[in-house]
Amino acid sequence: QAWTASAREEPYMPIADSSEETFLMSILRTVFVVLASLIAIIPIFWRVVYIQEYERAVHFRLGKLHGRSKGPGLVFFLPFVDDFRIIDLRVFVISLPTQEMVTKDSVTATVDGVAMIRVCDPDLTVLQVKNFKKAIRLMVETSLRSVVGSHEMDDLLTNRRKINQSLREIVERTANSWGLEVIHAEIKDLKLPLQMQRIMAIQAESERDRRATVITAVGEEQASKLYSESAKILKEAPSSLHLSYLDALQRIAGDKTQTVVMPFPVDYFKCSESSTVQS
């Protein structure tokens with residue numbers, strides 16, 4: 001009887017386990033189906049956008065700015081309701097083409113420049129300017145022409161740092177109102193016509209000649225003062241003239257390849273007579 005009872009009980013055990021496993025599998029299957037359905041429904045109700053670290057997304061909802069710019073990472077937008085524009089925050093370089101400009105003193109020069117700009121306020125940039133890269137490029141070109149036209153050629157050649165600072169300040173006044181930051185702005189190269197280069201070379205040579213003449217004149221002035229002082233000393237001590245004469249003879253006697261005829265000064269006799277009378 002015991003064996004019969006155990007035999008009767010054994011068939012029912014696996015049946016119970018299989019029913020529990022079937023129930024768990026059905027629950028898991030239901031959960032997976034629900035999750036898959038949600039994942040499939042998300043693109044219908046949400047638009048997922050991946051924003052890079054160096055980018056920001058300016059969010060518009062029903063045509064109005066909705067909060068601050070979003071990013072980086074995953075950003076969700078409502079389809080048919082939300083709109084966005086991705087702005088790159090990295091520095092971009094503006095290389096100005098070579099163009100002829102007229103300076104304040106009516107000299108034609110070929111000038112080109114370079115500027116480095118970056119976006120510091122994406123929301124303001126999108127709201128204020130339609131194509132901010134083109135707008136800031138035209139702004140830098142106009143500012144460069146204005147700066148060159150307000151300075152003379154000599155200033156452009158000698159005060160380059162001051163002119164670059166002036167150019168940057170002019171560009172910054174407009175760029176800041178557009179949410180842009182000016183990192184760098186300067187004149188890259190300045191070329192003059194060949195005729196102007198020749199004129200400037202002649203001017204530089206004349207300037208060097210003038211400096212040489214001035215230096216010679218200053219030397220002669222200083223030498224004349226020294227000669228005047230030495231003459232006063234020789235007048236007070238006539239014997240020093242004889243010593244100066246002997247010193248000159250000693251310097252000349254060092255060169256034995258030439259014959260030098262030295263005039264004998266009359267003052268020497270006067271000095272000798274006076275010394276003889278005194279003695």
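A residue counts as exposed when its relative accessible area is over 50%, and as buried when that area is under 20%. In this predicted model, Glu100 has a relative accessibility of 58%, so Glu100 counts as exposed. Glu100 sits in strand S7, which covers residues 99–102. Setting aside neighbours within four places in sequence, Glu100 is in contact with Thr108, Ala109, Thr110 and Arg145. Leu192 is 92 residues away from Glu100 in sequence. In space, the C-alpha atoms of Glu100 and Leu192 are 9.7 Å apart.

The chain as a whole comes next. The chain has 279 residues, and buried residues make up 22% of them. Nine helices and nine strands are present. Contacts between residues at least 6 apart in sequence were also examined. Of these, 67% join residues at least 24 apart.

The largest nonpolar core contains 34 residues. Val111, Ile117, Ile136, Leu144 and Leu180 have the most contacts inside this core. Several elements give two or more residues to the core. The strands among them are S2 (55–61), S6 (92–95), S8 (108–119) and S9 (180–191). The helices are H4 (132–149), H5 (153–158) and H6 (160–175). Helix H4 gives the most, with six residues. A second core is separate and has six residues, including Ile51, Ala57, Val75 and Phe84.

Helices H4 and H6 also pack against each other. Their axes come within 10 Å and cross at roughly 140 degrees. Because of this angle, H4 is oblique to H6. The crossing is right-handed. On the H4 side, the contact involves Ile136, Met139, Val140, Ser143, Leu144 and Val147. On the H6 side, it involves Ile163, Ser166, Leu167, Ile170, Val171, Thr174 and Ala175. Of the residues in this contact, 10 are nonpolar, three are polar and none is charged.

Arg137 is another residue of helix H4. Its relative accessibility is 32%, so Arg137 counts as partly exposed. Apart from residues up to four places away in sequence, Arg137 touches Ile94, Ser95, Leu96 and Pro97. Arg137 and Ile94 are 43 residues apart in sequence, yet their C-alpha atoms are 6.5 Å apart.

The peptide bond from Gly71 to Pro72 is cis, with omega near -5 degrees. Pro72 lies in the loop between strand S3 (64–65) and strand S4 (73–77). Phe80 is not a glycine, but has a positive phi of about 65 degrees. The loop between S4 and strand S5 (82–88) holds Phe80. With a relative accessible area of 84%, Phe80 is exposed. Ser106 is also a residue other than glycine with a positive phi, here near 60 degrees. Ser106 lies in the loop between S7 and S8. Its relative accessibility is 61%, so Ser106 counts as exposed.

Definitions and conventions:
Residues numbered from 1 in each chain as written. Predicted model: local features only at pLDDT ≥ 70, side-chain atom pairs only at ≥ 80, totals over all residues. Heavy atoms only, no water. Core = buried A, V, L, I, M, F, W, Y, C linked by side-chain atoms within 4.5 Å. Buried < 20%, exposed > 50% of the residue type's maximum accessible area, 1.4 Å probe, protein only. Helix = DSSP H or I, 4+ residues; strand = E, 2+ residues; numbered from the N terminus. Axes fitted to C-alpha atoms, helices over the stretch in contact; angles between N-to-C directions. Parallel < 35°, antiparallel > 145°, perpendicular 65-115°, else oblique. Left-handed = near helix turned anticlockwise from the far one by under 90°. Contact = heavy atoms within 4.5 Å. Nonpolar A, V, L, I, M, F, W, Y, C, P; charged D, E, K, R; others polar.
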